[in-house]
Amino acid sequence: MVKMAANGEKQQGHRAGIYKQKNKGHKHGKHRTKGEIERENKGRVSVTALTKKQRKEHKKMDRRHKANQLRRNKKDMVLTEKRRLGSRDGPPHLVAVLSLHAAADADAVTKLLRGEGAGGVVHQERCISGVSDSFGLILPRFKQRFIFLRQSTDDMHSLLDVAKIADSLVFVLDSTEGWDTYGDHCLSCLFAQGLPSHALVCQGVSDLPVKKRVESRRALSKITEIRFPDTRLFPLDSEQDGTLLLRHLGMQRQRKLGFRSRRSHLLAQHVTFTPNSPGEGTGGGPTGLGTLCVSGYVRGRPLKVDRLVHISGHGDFQLSQIDAPTDPLPLNLTTARPAKPGKGGDVDMMDGGEDEAPARVLMKADPSCRESLQTEAEVDPMDGEQTWPTESELLEAEEARKTKRVMKVPKGTSDYQATWIVDEDEEENGELDEESSEDDDDNDDMLDEAMYGDDEDINSQDAGSGSEEEAEEEEEEEEVCSTERAGADQRYDDNMDEAAEEEGLKRYREARANEMFPDEVDTPLDAAARIRFQRYRGLKSFRSSPWDAMENLPLNYSRIFQFQSFERTRHRILAEAAAEEEGAMVGWYVTLHITDVPFSVMESVQSGRPLMLVSLLPHEQKMSVMHLLVRRHPSNTEPIKSKEELVFHCGFRRFRASPIFSQHTSADKHKMERFLRPDAPTVVSVYAPITFPPAGVLLFKQRSDGIQDLVATGSLLSCDTQRIVLKRIVLSGHPFKINRRSAVVRYMFFNRDDIMWFKPVELRTKWGRRGHIKEPLGTHGHMKCVFDNQLRSQDTVMMNLYKRVYPRWTYDPYVPLPLPWVKSETTVEMDDLDME
């Protein structure tokens with residue numbers, strides 16, 4: 001409203017400012033009125049729609065129906081797999097019988113199960129090639145069929161191979177002790193690899209008095225519940241007990257192992273070998289190559305003829321064709337006849353007899369679609385980046401050419417030949433090659449041996465303290481005792497390896513020193529630090545400072561394969577393998593024709609070891625950098641150094657390699673560990689064939705006497721060539737003079753040029769101070785440093801330097817057979833070492 005002023009001028013009305021109070025609007029039910037809706041629609045009629053409440057209830061019912069449908073499908077799939085195993089449509093139930101105690105008799109268990117009173121009919125003796133104590137069992141009452149084999153625990157490789165492919169394991173225990181030390185070692189390996197369905201069996205309980213049977217079973221159950229908390233213990237003393245065990249094995253829930261359920265695998269039941277002709281392949285004769293025909297039941301997934309197959313312990317091979325022979329273990333006994341062994345038992349050198357029906361060829365390999373055996377990428381040495389030298393580099397080279405250098409050369413040497421002779425000074429001060437860098441890595445891990453004392457003569461002054469009279473009276477007794485003691489000591493020393501003892505003591509001292517002074521190294525006095533540590537660099541922050549993953553890669557990286565996204569490729573390949581319905585289906589009895597197989601595979605079968613085959617997924621034959629997440633096994637007490645040769649069991653593969661250890665963190669850079677830590681999980685990086693997780697991992701260390709000790713267990717982590725593992729070294733110095741925030745530090749470097757070279761690197765102290773080098777003082781390594789706060793006299797100044805490290809290319813698919821395991825008793829304890 002505009003008012004008139006006294007002088008007749010118009011007065012401007014009041015306008016609300018920014019501080020005017022604004023009340024909330026009326027809450028009218030949070031919905032539009034009918035009039036508003038009509039005005040917005042403007043006469044348009046909308047389709048019939050559900051309200052928000054109806055829509056929500058509808059989605060809820062859909063989700064419930066979908067969950068019920070998925071649950072029903074999964075239940076039907078599990079029941080189908082369970083009913084298929086051992087039935088007419090599936091492979092026979094493969095059961096391995098293992099003895100976990102020296103006093104337990106596994107032969108008596110198999111003899112009882114194959115008896116007529118147990119309800120089964122033995123249809124085939126020695127049904128597994130190379131395993132004498134194996135038989136096929138048909139149970140018409142349960143409409144199931146079994147394959148039993150008794151596997152000895154002395155051969156650890158065969159034991160682990162059988163456990164990878166067996167449907168059930170039967171552990172034979174002692175009625176009083178359960179299992180012995182070696183049995184516990186076998187259980188540790190089996191649990192780490194992945195334990196299938198199993199059953200516990202003990203004998204001799206019925207021989208005890210009635211009053212002691214309950215106590216014996218209760219004591220044995222108390223022992224077994226540590227390893228098997230929910231497993232039932234079956235007494236096996238009569239044929240009725242055998243029938244109950246067979247029913248339990250056929251009806252128990254199968255434990256699914258991820259690394260075998262995603263791949264088709266097969267246990268060889270009949271093996272023949274046909275040498276190549278002289279013009280075929282590279283071999284010929286008993287020591288050359290040939291075609292290996294392996295018959296068995298397909299398990300896991302359908303088997304394709306174009307895929308590669310891996311024979312455990314022997315390598316990767318190609319298939320030429322797949323045949324369908326007669327099933328040797330039919331469920332209907334009236335329509336089939338038992339299989340006849342060949343002339344050489346269950347192992348033939350040529351094809352089967354003339355009376356056998358010819359096998360039907362199911363499929364042949366297509367050379368255009370067959371997987372290649374290429375394991376490494378082709379290296380082109382001329383594929384490097386070529387750049388033209390700059391003008392400054394040309395001038396520098398011209399000046400170096402004009403500079404005359406006097407050097408002694410042999411008589412008659414031309415100027416051109418003299419230019420290729422390397423001077424000793426240049427060789428020492430030149431750039432380090434790859435071999436010298438590996439030697440530097442070994443030298444960095446060792447502290448100065450002078451800091452360790454010599455403990456050989458500690459008690460050398462304690463003998464001979466008796467008096468002369470006592471010596472004369474007890475002279476004869478001392479001579480007898482000394483003779484016996486000398487003989488016992490000599491017998492004890494005969495079994496001792498002095499070189500191994502010295503190496504073990506040295507390793508323990510290095511591990512102890514690394515624990516007390518992590519990553520600390522001494523600056524060399526006879527060489528320049530800028531030359532000795534020229535491959536190292538400083539980082540402002542280990543967490544946030546950048547590091548290019550493609551910078552200065554070693555030559556071995558040109559031999560490996562890498563993925564743009566390993567997880568995406570893994571999900572795609574596993575999904576394709578799960579949906580695959582082509583090839584030899586699960587449960588079929590087939591014969592695989594494997595080409596270019598060495599005769600050593602046949603020799604292994606003839607020696608009595610079982611033969612396992614697994615079909616590889618795409619890319620699983622190619623080499624790359626594999627990372628394994630492991631934890632040190634409690635039974636191992638000896639220090640395991642980085643880049644030390646270990647034996648790996650990864651999925652179906654086993655090989656030897658020299659890995660590096662690093663911390664398991666979520667950062668983009670990972671600190672290298674010099675020793676395998678006992679208190680934290682560790683990532684093991686190694687050059688190895690690609691394997692898609694999940695897969696169990698076992699690490700063994702082979703002793704000098706051939707025994708392999710279990711070092712660590714874990715699982716497969718990933719395949720990543722760009723994982724950055726940084727080795728850290730710490731140079732330490734002592735504050736000489738302290739003046740508030742500045743201090744004079746010595747003993748870190750020993751010349752002025754080294755101080756100027758490492759001047760940009762940040763310093764830190766053990767008490768948490770941070771600083772930098774300001775200037776060198778004099779020429780003997782003293783330097784003035786500035787810190788964020790005043791130092792203390794007992795503090796230590798440190799400098800962190802980093803270098804990227806890579807595994808050593810020592811991959812070897814051949815692993816020697818281990819000797820029977822014996823528990824090692826270490827006489828040197830880490831706490832007893834004298835570190836001063």
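Modeller: In this predicted model, helix 2 gives the largest share of the lining of the largest pocket, namely seven residues. The lining as a whole is made up of 31 residues. Those that lie nearest the centre of the pocket are Met77, Glu81, Lys256, Ser261 and Gly300. The space in this pocket comes to about 1400 Å³. When the lining residues are sorted by class, 14 are charged, 12 are nonpolar and five are polar.

The structure holds 11 cavities of 30 Å³ or more. The largest cavity has about 80 Å³ of space. Its lining consists of Phe259, Arg263, Leu616, Glu620, Cys650, Gly651, Phe652, Arg653, Thr691 and Ala695. Five of these lining residues are nonpolar, three are charged and two are polar. For the second largest cavity, the volume is about 70 Å³.

The aromatic rings complete the description. Across the whole structure there are 19 aromatic pairs. One of the pairs is edge-to-face, because the ring planes of Trp179 and Phe228 stand at 80 degrees, with the ring centres 6.2 Å apart. This pair joins distant parts of the chain, since its two residues are 49 residues apart. Trp179 is in the loop between strand 7 (168–173) and helix 5 (181–193), whereas Phe228 is in the loop between helix 6 (210–224) and strand 9 (233–235). Trp179 has a relative accessible area of 13%, which is under 20%, and therefore it counts as buried. Phe228 is likewise buried, at 2% relative accessibility. Both residues belong to a cluster in which ring pairs link Phe171, Trp179, Phe191 and Phe228.

Charged side chains also lie over aromatic rings. Arg114 is placed over the face of Phe135, at 4.6 Å from the ring centre. Arg537 is placed over the face of Trp547, at 4.1 Å from the ring centre.

Definitions and conventions. Residues are numbered from 1 along each chain as its sequence is written. Side-chain values use heavy atoms; hydrogens and water are left out. Rings of Phe, Tyr and Trp (its six-membered ring) pair if their centres lie within 6.5 Å; planes under 30 degrees apart count as stacked, over 60 as edge-to-face and the rest as tilted. Helices (H or I, at least four residues) and strands (E, at least two) are DSSP runs, numbered from the N terminus. Buried means under 20% relative accessible area, exposed over 50%, partly exposed in between (1.4 Å probe, protein chains only). A charge sits over a ring if NZ of Lys or CZ of Arg is within 6 Å of the ring centre and within 35 degrees of the ring normal. On a 1 Å grid over the protein atoms alone, a cavity is a set of points where a 1.4 Å probe fits but cannot get out, and a pocket is an open set with protein on both sides within 12 Å along at least five of seven lines; lining residues have an atom within 4 Å of a point. Grid points are joined across faces, edges and corners, and a volume is the space filled by probe spheres set on the points. Ala, Val, Leu, Ile, Met, Phe, Trp, Tyr, Cys and Pro count as nonpolar, Asp, Glu, Lys and Arg as charged, and the others, Gly among them, as polar.
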